[in-house]
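Student: Could you help me learn to read a protein model?
Tutor: Gladly; let us look at one together.

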Amino acid sequence: MKKILITGGSKGIGLECVKNFLAQGWHVICCSREISTWNKNKEKFPELQKVEYYACDVANENDVTTMFNTIKQKHDNLDAAINNASPKLASSGNFNDVKIDSMRETLESDLWSVILCLKHELNLIKQNGSIVNVTSINGIRPIPGAAIYGASKHAVESLTKSIALEAISNNIRVNSVAPGVTWTPRWEARAEHNPNIRQDVEGIVPIKRFADPTEIVNAIDWLISDKSSYVVGHTLVVDGGLSLK
Ligand SMILES: NC(=O)c1ccc[n+]([C@@H]2O[C@H](COP(=O)([O-])OP(=O)(O)OC[C@H]3O[C@@H](n4cnc5c(N)ncnc54)[C@H](OP(=O)(O)O)[C@@H]3O)[C@@H](O)[C@H]2O)c1
(Lines give C-alpha, C1' and ligand atoms only; values in the text may rest on other atoms or scores of the structure.)
Protein backbone atom coordinates (compact mmCIF):
# COMPACT_ATOMS: atom_id res chain seq x y z
CA MET A 1 0.00 0.00 0.00
CA LYS A 2 1.35 3.43 -0.96
CA LYS A 3 1.93 5.88 1.91
CA ILE A 4 1.33 9.61 1.81
CA LEU A 5 1.85 12.34 4.43
CA ILE A 6 -0.48 15.35 4.35
CA THR A 7 0.28 18.28 6.68
CA GLY A 8 -2.67 20.33 7.90
CA GLY A 9 -5.06 17.47 7.20
CA SER A 10 -7.83 18.39 9.62
CA LYS A 11 -9.58 21.17 7.69
CA GLY A 12 -10.20 22.65 4.27
CA ILE A 13 -7.94 21.58 1.40
CA GLY A 14 -5.90 19.25 3.64
CA LEU A 15 -8.97 17.36 4.89
CA GLU A 16 -10.23 16.91 1.31
CA CYS A 17 -6.76 15.59 0.36
CA VAL A 18 -6.97 13.08 3.21
CA LYS A 19 -10.39 11.85 2.04
CA ASN A 20 -9.26 11.73 -1.61
CA PHE A 21 -6.18 9.56 -1.03
CA LEU A 22 -7.98 7.37 1.51
CA ALA A 23 -10.69 6.66 -1.09
CA GLN A 24 -7.95 5.66 -3.56
CA GLY A 25 -6.59 3.06 -1.12
CA TRP A 26 -3.47 4.90 0.11
CA HIS A 27 -2.25 4.63 3.69
CA VAL A 28 -2.78 8.24 4.77
CA ILE A 29 -0.73 9.92 7.48
CA CYS A 30 -1.71 13.44 8.47
CA CYS A 31 -1.09 16.06 11.13
CA SER A 32 -2.49 19.26 12.58
CA ARG A 33 -2.10 21.12 15.87
CA GLU A 34 -5.57 20.61 17.40
CA ILE A 35 -6.40 16.97 18.03
CA SER A 36 -9.95 17.99 19.08
CA THR A 37 -10.73 19.10 15.51
CA TRP A 38 -9.45 15.78 14.23
CA ASN A 39 -11.57 13.83 16.72
CA LYS A 40 -14.69 15.70 15.58
CA ASN A 41 -13.80 14.83 11.97
CA LYS A 42 -13.61 11.15 12.90
CA GLU A 43 -17.11 11.29 14.39
CA LYS A 44 -18.45 12.93 11.22
CA PHE A 45 -16.50 10.80 8.69
CA PRO A 46 -15.96 7.31 10.20
CA GLU A 47 -13.63 6.32 7.33
CA LEU A 48 -11.04 8.65 8.89
CA GLN A 49 -10.48 6.04 11.66
CA LYS A 50 -8.01 4.44 9.22
CA VAL A 51 -5.83 7.56 9.05
CA GLU A 52 -2.57 7.70 11.02
CA TYR A 53 -2.90 11.08 12.76
CA TYR A 54 -0.26 13.12 14.61
CA ALA A 55 -0.83 16.23 16.71
CA CYS A 56 2.18 18.15 15.41
CA ASP A 57 2.94 21.83 14.93
CA VAL A 58 4.97 21.80 11.72
CA ALA A 59 6.60 25.10 12.70
CA ASN A 60 8.05 23.43 15.82
CA GLU A 61 11.29 21.57 15.11
CA ASN A 62 10.89 19.16 18.05
CA ASP A 63 7.34 18.25 17.04
CA VAL A 64 8.42 17.69 13.45
CA THR A 65 11.42 15.54 14.40
CA THR A 66 9.29 13.43 16.75
CA MET A 67 6.59 12.90 14.11
CA PHE A 68 9.03 11.92 11.36
CA ASN A 69 11.04 9.64 13.69
CA THR A 70 7.82 7.79 14.53
CA ILE A 71 6.84 7.55 10.85
CA LYS A 72 10.32 6.19 10.05
CA GLN A 73 10.10 3.58 12.81
CA LYS A 74 6.66 2.45 11.68
CA HIS A 75 7.06 2.52 7.90
CA ASP A 76 10.71 3.10 6.99
CA ASN A 77 9.68 5.12 3.93
CA LEU A 78 7.01 7.25 2.26
CA ASP A 79 5.84 7.45 -1.36
CA ALA A 80 4.46 10.98 -1.38
CA ALA A 81 3.89 14.10 0.68
CA ILE A 82 1.71 17.20 0.53
CA ASN A 83 2.96 20.24 2.44
CA ASN A 84 -0.31 22.07 2.99
CA ALA A 85 -0.48 23.29 6.63
CA SER A 86 -0.85 27.02 7.20
CA PRO A 87 -2.48 28.77 10.18
CA LYS A 88 -4.65 31.86 10.51
CA LEU A 89 -2.49 34.75 9.30
CA ALA A 90 -0.53 36.26 12.22
CA SER A 91 0.95 39.17 10.28
CA SER A 92 -1.86 40.88 8.35
CA GLY A 93 -1.78 44.64 7.90
CA ASN A 94 0.50 47.25 6.43
CA PHE A 95 4.13 46.13 6.57
CA ASN A 96 5.13 49.10 8.73
CA ASP A 97 2.42 48.40 11.30
CA VAL A 98 2.96 44.66 11.72
CA LYS A 99 4.91 43.62 14.83
CA ILE A 100 8.24 41.84 14.27
CA ASP A 101 7.11 38.83 16.34
CA SER A 102 4.03 38.39 14.14
CA MET A 103 6.20 38.54 11.02
CA ARG A 104 8.50 35.88 12.44
CA GLU A 105 5.48 33.73 13.33
CA THR A 106 4.27 33.79 9.72
CA LEU A 107 7.74 33.02 8.36
CA GLU A 108 7.98 30.07 10.73
CA SER A 109 4.51 28.70 10.00
CA ASP A 110 4.42 29.26 6.23
CA LEU A 111 8.07 28.86 5.19
CA TRP A 112 10.26 27.32 7.88
CA SER A 113 7.69 24.55 8.45
CA VAL A 114 7.91 23.54 4.77
CA ILE A 115 11.73 23.56 4.90
CA LEU A 116 11.67 21.32 7.98
CA CYS A 117 9.16 18.88 6.48
CA LEU A 118 10.94 18.71 3.11
CA LYS A 119 14.22 17.77 4.87
CA HIS A 120 12.55 14.78 6.49
CA GLU A 121 10.34 13.88 3.51
CA LEU A 122 13.29 13.65 1.13
CA ASN A 123 15.02 11.29 3.56
CA LEU A 124 11.93 9.09 3.78
CA ILE A 125 10.89 9.09 0.12
CA LYS A 126 14.43 8.24 -1.03
CA GLN A 127 13.48 7.27 -4.61
CA ASN A 128 10.48 7.33 -6.97
CA GLY A 129 8.01 9.64 -5.30
CA SER A 130 6.11 12.86 -5.56
CA ILE A 131 5.86 15.93 -3.33
CA VAL A 132 3.38 18.79 -3.70
CA ASN A 133 3.77 22.07 -1.86
CA VAL A 134 0.54 24.02 -1.51
CA THR A 135 1.46 27.64 -2.13
CA SER A 136 -0.92 30.40 -3.25
CA ILE A 137 -1.40 32.89 -6.04
CA ASN A 138 0.15 35.17 -3.40
CA GLY A 139 3.35 33.24 -4.07
CA ILE A 140 3.41 34.41 -7.68
CA ARG A 141 2.15 37.99 -7.37
CA PRO A 142 2.24 40.82 -4.79
CA ILE A 143 -0.15 40.91 -1.84
CA PRO A 144 -0.39 44.25 -0.04
CA GLY A 145 -1.59 43.75 3.54
CA ALA A 146 -0.01 40.30 3.82
CA ALA A 147 3.58 40.90 2.67
CA ILE A 148 5.19 38.28 4.90
CA TYR A 149 2.66 35.60 3.91
CA GLY A 150 3.38 36.52 0.27
CA ALA A 151 7.13 36.42 0.88
CA SER A 152 6.81 32.99 2.53
CA LYS A 153 4.76 31.60 -0.35
CA HIS A 154 7.17 33.11 -2.95
CA ALA A 155 10.01 31.40 -1.05
CA VAL A 156 8.17 28.06 -1.11
CA GLU A 157 7.76 28.49 -4.87
CA SER A 158 11.52 29.00 -5.16
CA LEU A 159 12.25 26.03 -2.88
CA THR A 160 9.95 23.86 -4.99
CA LYS A 161 11.89 24.60 -8.16
CA SER A 162 15.40 24.35 -6.66
CA ILE A 163 14.65 21.13 -4.79
CA ALA A 164 12.84 19.72 -7.84
CA LEU A 165 16.12 19.94 -9.76
CA GLU A 166 18.01 18.16 -6.98
CA ALA A 167 15.43 15.47 -6.25
CA ILE A 168 14.67 14.44 -9.82
CA SER A 169 17.98 12.55 -9.93
CA ASN A 170 16.25 10.10 -7.55
CA ASN A 171 13.05 10.24 -9.63
CA ILE A 172 11.28 12.28 -6.96
CA ARG A 173 9.08 14.95 -8.55
CA VAL A 174 8.54 18.15 -6.55
CA ASN A 175 5.83 20.54 -7.74
CA SER A 176 3.45 23.09 -6.31
CA VAL A 177 -0.23 23.95 -6.52
CA ALA A 178 -1.10 27.63 -6.15
CA PRO A 179 -4.75 28.00 -5.17
CA GLY A 180 -6.77 31.14 -5.58
CA VAL A 181 -9.62 31.90 -3.19
CA THR A 182 -10.98 28.60 -1.90
CA TRP A 183 -13.93 28.34 0.49
CA THR A 184 -12.47 26.67 3.60
CA PRO A 185 -12.70 27.18 7.39
CA ARG A 186 -10.24 30.07 7.18
CA TRP A 187 -12.77 31.99 5.04
CA GLU A 188 -15.70 30.81 7.18
CA ALA A 189 -13.91 32.38 10.18
CA ARG A 190 -13.48 35.66 8.27
CA ALA A 191 -17.17 35.62 7.27
CA GLU A 192 -18.15 35.65 10.95
CA HIS A 193 -16.73 39.19 11.18
CA ASN A 194 -17.58 40.27 7.63
CA PRO A 195 -20.79 38.58 6.43
CA ASN A 196 -20.45 40.09 2.90
CA ILE A 197 -16.95 38.78 2.32
CA ARG A 198 -18.03 35.85 0.16
CA GLN A 199 -20.00 37.89 -2.36
CA ASP A 200 -17.47 40.75 -2.30
CA VAL A 201 -14.60 38.41 -3.18
CA GLU A 202 -16.65 36.44 -5.72
CA GLY A 203 -17.20 39.70 -7.58
CA ILE A 204 -13.46 40.07 -8.12
CA VAL A 205 -12.76 36.54 -9.40
CA PRO A 206 -13.18 36.10 -13.19
CA ILE A 207 -15.05 32.80 -12.69
CA LYS A 208 -17.31 34.62 -10.16
CA ARG A 209 -17.05 32.11 -7.35
CA PHE A 210 -14.70 30.60 -4.78
CA ALA A 211 -13.04 27.28 -5.56
CA ASP A 212 -14.42 24.28 -3.76
CA PRO A 213 -11.52 22.56 -1.89
CA THR A 214 -12.06 19.45 -4.06
CA GLU A 215 -11.11 21.51 -7.14
CA ILE A 216 -7.70 22.22 -5.57
CA VAL A 217 -7.37 18.57 -4.53
CA ASN A 218 -7.95 17.47 -8.16
CA ALA A 219 -4.83 19.44 -9.15
CA ILE A 220 -2.80 18.09 -6.21
CA ASP A 221 -3.97 14.56 -7.00
CA TRP A 222 -2.83 14.90 -10.62
CA LEU A 223 0.62 16.11 -9.58
CA ILE A 224 1.00 13.28 -7.07
CA SER A 225 -0.14 10.71 -9.65
CA ASP A 226 1.82 9.16 -12.52
CA LYS A 227 -0.40 11.08 -14.93
CA SER A 228 2.01 13.99 -14.37
CA SER A 229 5.10 11.78 -14.70
CA TYR A 230 6.97 14.32 -16.88
CA VAL A 231 6.07 17.38 -14.75
CA VAL A 232 8.95 18.65 -12.60
CA GLY A 233 9.22 21.88 -10.59
CA HIS A 234 5.94 23.18 -11.99
CA THR A 235 3.46 25.56 -10.38
CA LEU A 236 -0.09 24.57 -11.20
CA VAL A 237 -2.23 27.68 -10.69
CA VAL A 238 -5.87 26.89 -9.81
CA ASP A 239 -7.52 30.26 -9.34
CA GLY A 240 -10.52 30.78 -11.64
CA GLY A 241 -8.46 33.34 -13.56
CA LEU A 242 -7.76 35.61 -10.58
CA SER A 243 -4.01 35.95 -11.12
CA LEU A 244 -4.53 36.98 -14.76
CA LYS A 245 -6.05 40.29 -13.67
N1 LIG B 1 -8.30 28.92 1.29
C2 LIG B 1 -7.75 29.74 0.42
O3 LIG B 1 -8.42 30.65 -0.13
C4 LIG B 1 -6.30 29.56 0.04
C5 LIG B 1 -5.80 30.36 -1.00
C6 LIG B 1 -4.47 30.22 -1.39
C7 LIG B 1 -3.67 29.31 -0.74
N8 LIG B 1 -4.16 28.56 0.27
C9 LIG B 1 -3.25 27.62 0.92
O10 LIG B 1 -3.86 26.34 0.98
C11 LIG B 1 -3.42 25.65 2.15
C12 LIG B 1 -4.62 25.14 2.94
O13 LIG B 1 -5.45 26.25 3.21
P14 LIG B 1 -6.93 26.05 3.82
O15 LIG B 1 -7.71 27.22 3.38
O16 LIG B 1 -7.42 24.67 3.56
O17 LIG B 1 -6.59 26.23 5.38
P18 LIG B 1 -7.49 25.94 6.68
O19 LIG B 1 -8.89 25.63 6.32
O20 LIG B 1 -7.22 27.09 7.59
O21 LIG B 1 -6.81 24.61 7.27
C22 LIG B 1 -5.45 24.66 7.62
C23 LIG B 1 -5.01 23.31 8.15
O24 LIG B 1 -3.64 23.41 8.56
C25 LIG B 1 -3.52 23.05 9.95
N26 LIG B 1 -2.41 23.82 10.50
C27 LIG B 1 -2.28 25.17 10.57
N28 LIG B 1 -1.10 25.51 11.10
C29 LIG B 1 -0.47 24.34 11.38
C30 LIG B 1 0.79 24.03 11.95
N31 LIG B 1 1.64 24.99 12.32
N32 LIG B 1 1.13 22.74 12.10
C33 LIG B 1 0.27 21.75 11.69
N34 LIG B 1 -0.92 21.99 11.14
C35 LIG B 1 -1.28 23.27 11.00
C36 LIG B 1 -4.90 23.36 10.53
O37 LIG B 1 -5.20 22.65 11.71
P38 LIG B 1 -4.83 23.27 13.18
O39 LIG B 1 -5.28 24.68 13.17
O40 LIG B 1 -5.54 22.39 14.15
O41 LIG B 1 -3.34 23.15 13.28
C42 LIG B 1 -5.79 22.87 9.37
O43 LIG B 1 -5.87 21.46 9.38
C44 LIG B 1 -2.53 26.63 2.92
O45 LIG B 1 -1.17 26.39 2.61
C46 LIG B 1 -2.95 27.99 2.37
O47 LIG B 1 -1.93 28.96 2.46
C48 LIG B 1 -5.47 28.67 0.68
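This is a predicted model: local features need pLDDT of at least 70, side-chain atom pairs count only at pLDDT 80 or more; totals for chains, interfaces and linings use all residues.

Student: In what order do the strands of the open sheet come?
Tutor: Strands of a sheet pair through backbone hydrogen bonds, either parallel or antiparallel. Here 7 strands, with parallel pairing, follow the order S3-S2-S1-S4-S5-S6-S7. Strands (E, at least two residues) and helices (H or I, at least four) are DSSP runs, numbered from the N terminus, and two strands pair if DSSP finds at least two bridges between them. The edge strands, S3 (52-55) and S7 (235-238), each pair on one side only.

Student: Which strands does helix H8 lie across?
Tutor: Helix H8 (residues 213-224) lies across S4, S5, S6 and S7, at about 165° to S6. Angles run from 0 to 180 degrees between N-to-C directions, with axes fitted to C-alpha atoms, for helices over the stretch in contact; contact means C-beta atoms, placed from the backbone, within 7 Å.

Student: Why is Leu-116 called buried?
Tutor: A residue is buried if 20 or more other C-beta atoms, placed from the backbone, lie within 10 Å of its own, exposed if 12 or fewer, and partly exposed in between. Leu-116 has 20, so Leu-116 is buried. Leu-116 sits in helix H4.

Methods
Residues are numbered from 1 along each chain as its sequence is written. Two residues are in contact if their C-beta atoms, placed from the backbone, lie within 7 Å.
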